[in-house]
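Trainee: Could you take me through one part of this model closely, and tell me how it is built and what it touches?

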Amino acid sequence: MTADILAAALADHRAGRIDRAAAAYRQVLETDPGNADALHLLGLTERQAGRRDTAMVLIHRALALAPHLIEARLNLANILLAGGDGAAAHAQWRMVLALDPANAAAWYALGSASAGHGGAGRAGAIRALRRAGRLAPHRADIQHDLGLLLRQHDRIEEAIACQRRALELDPTLLSAWMGLGNALLEKDDTGGALIALKRAASLSPGTPEIWFNLGNLRYRLVDLEGALACYRRAARLGLAVARSRVVAVLLDQGQDAAAEAALATYLPLDGTDVSTCLELLYALLLRGDRRAEARSLFTRLATVPLAGRHYAIECLTALSALDLAEGADPAAAAARLEPLRTDNCWTFTIRSLAALERTRRQQGWHWQRPANPTPDRPRLTSSTLGNRGRFAHNVLEYVLMRLYAEKQGCVLETPDWVGGAYFDLDDPAPSGPLPPWPFARRVLNAALTGENQGPAVVDRDLLSPLFLYDYPLAYRDRVRSWLRPRPQWSPWIDPPVDTLRAVGRTIVAIHIRRGDFLQYGYPVTETSWYVDWLRTLWPTLDRPVLYLASDDIPAVRAAFREFRPVTLDDAAPSWPGLEYLQDFHVLTQADIVGISAASGFSQLAARLNQRARLCVGPDMEAGGIRPFIPWS
Amino acid sequence: MGYYDKVEETWQLSDAARDYVQKAGRAVEATELWEKLFALSPLVDTERTLRESPKLDRIFLKSVYGLHYSAELKDWIPFRHGAVDLTDESNI
């Protein structure tokens, strides 16, 4: 009887007659209150009615009665995930897999939800999706999702293979055509990318993301008119992120009036990338030599909501950038930005440049960036070097670009950027705009390794080119010769090292990155791993002294208390606004260097360190610390 | 070691079987996999496997898990052959 009612109710449920199904489940529970199936299914109807909490109570009750109810666990995990409780959802998927290790749905869910934005958990997510794909080889969506993760993991060929497999299984899967197009574009197979993205557009001409991706492709081909048309179409179709691309392309085309009009249209709209638009507005006004107007405008905009919120940080950054451009007092420019807590890369650059310029003026030495001495030679530049990424990110981009520029016989022109001011570099300032070159990482690397024997691409503006894939020993001495701090900074960067040498013979410098790593899902280095490693190492060292570098010293210091860690505050007066450079310098001078997972900052320091006898870093898979060789 | 860790080691044995077959580049009989891989694994319950799966298409591990050959997927897929207790989440 109960079984008959449940079967009929389930049929109603599947047919979308939710209220009728719920009534029948309740009827079952009146006579059989411990019926786990009815509790689970009633919970689902509650969820469908938007009553999440009641749904969870009912499903939990069902699982207490029948812990092996796999469907109930999967549904509970979905509810938990939708409610933002990823950890609890993970626990449910793991329980499902403990019951049924070949449950494709659980592996798929675990894989889809495990990769953080910054790459934490990505290897595990890939493993889970591979298993899901083996268990459900007919599922195109699994191959597609796996392809996306593999692309993020720099496994481009495998990523392309996955998207192709997804399309063999379902040739109408739009996202796989896009995934394939984007992966081929990253590989610089622009012809293949165009075919894939056109296929996507012909399947769904009203999908804005396709036009955005086609815009990126046209932009890569330096077809600015075509890129503009695509980005405009994406923006018209409601994709807010396309708006700043429209403005950027108009600026590339020299259509400043049209760019300004587009900014006026877009800036008030919800969803607009206001931060980027304000940077573009600054560039537009500076290029038009409209500095007084810029000062007045950004002063006003700092107090006005744009697209629903205030963007004071970007506006204050623009004002400090104006100060620097006009040669005004850098102390005021630095002071304006020093109290701000932000991840904005442009703010980081301007704040650091202002602080360095303040020091230079206090020291009374002159620094003039050179003009391009050989304007007839081919050029390369990167207009993003000062506003996409922070210190180490930009330095690592510089290394890739300079190696490529030298190989191709180009002059590398750089905008004002922190590495250019901190290190003893004398690259010329940009002598004029160059056509854009986005998505260049793979091509630059392939040219350096000799894998790509094609004609050299020169006279381009490399947009966020990113980094070398490998750091071969052959580059080591050349890179180290470029990246030496200017001797004038010695009064600020040497004292912490001198203090450490005065109190110990072996400097062990460990960097623990926190800050936005937690927020954006980057791999987090556990302090306990370093503590365990130090307990073994410490007794073997000659008068060791531990230096701790972190963007969150209060959070990590206590864990190391048994080693009496020294921080910058203990070691020397801080270099206002540039404390991270003092930490960086200690890391480049230590005898033993411990880096943070996925941190370009400490990886770079380890690569520049000429005295370290040991470099170590976290092994995220094994959960411990292991040695690594910075140049292989 | 929790249940999920045991699931993980079962899958790793499955991965090893798949890699063996891929490297061989030919169809590999269950008996060959048994001799070259499964029987050598400390995870495998040899006695039970030989007793309950004479064709060697079901490999019982000492844990509650095992591998069976799926003719449909042409792959060695984990399964569970014992009870699990989910009342204590620290076991997972």
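Mentor: In chain A, four strands form an open sheet in the order E4-E3-E6-E5, with parallel pairing; strands here are DSSP runs (E, at least two residues), as helices are (H or I, at least four), numbered from the N terminus, and two strands pair if DSSP finds at least two bridges between them. Strand E4 (411-413) and strand E5 (436-437) of chain A stand at the edges with a single partner strand each, so one side of each has no neighbour in the sheet. Strand E3 (residues 379-381) of chain A runs parallel to E4(A) and is joined to it by three bridges, and Thr381(A) has Glu413(A) as its bridge partner in E4(A).

This is a predicted model, in which local features need pLDDT of at least 70 and side-chain atom pairs count only at pLDDT 80 or more, while totals for chains, interfaces and linings use all residues. Residues are numbered from 1 along each chain as its sequence is written, chains are lettered from A and ligands numbered from 1 in the order written, and side-chain values use heavy atoms, without hydrogens and water.

Chain A is divided into domain 1 (274-363), domain 2 (379-482) and domain 3 (489-627), with bounds from an automatic or database domain assignment. Twelve residues of domain 2 of chain A are in contact with 16 residues of domain 3 of chain A, contact meaning heavy atoms within 4.5 Å. Between domain 2 of chain A and domain 3 of chain A there are zero salt bridges (a side-chain nitrogen of Lys or Arg within 4 Å of a carboxyl oxygen of Asp or Glu).
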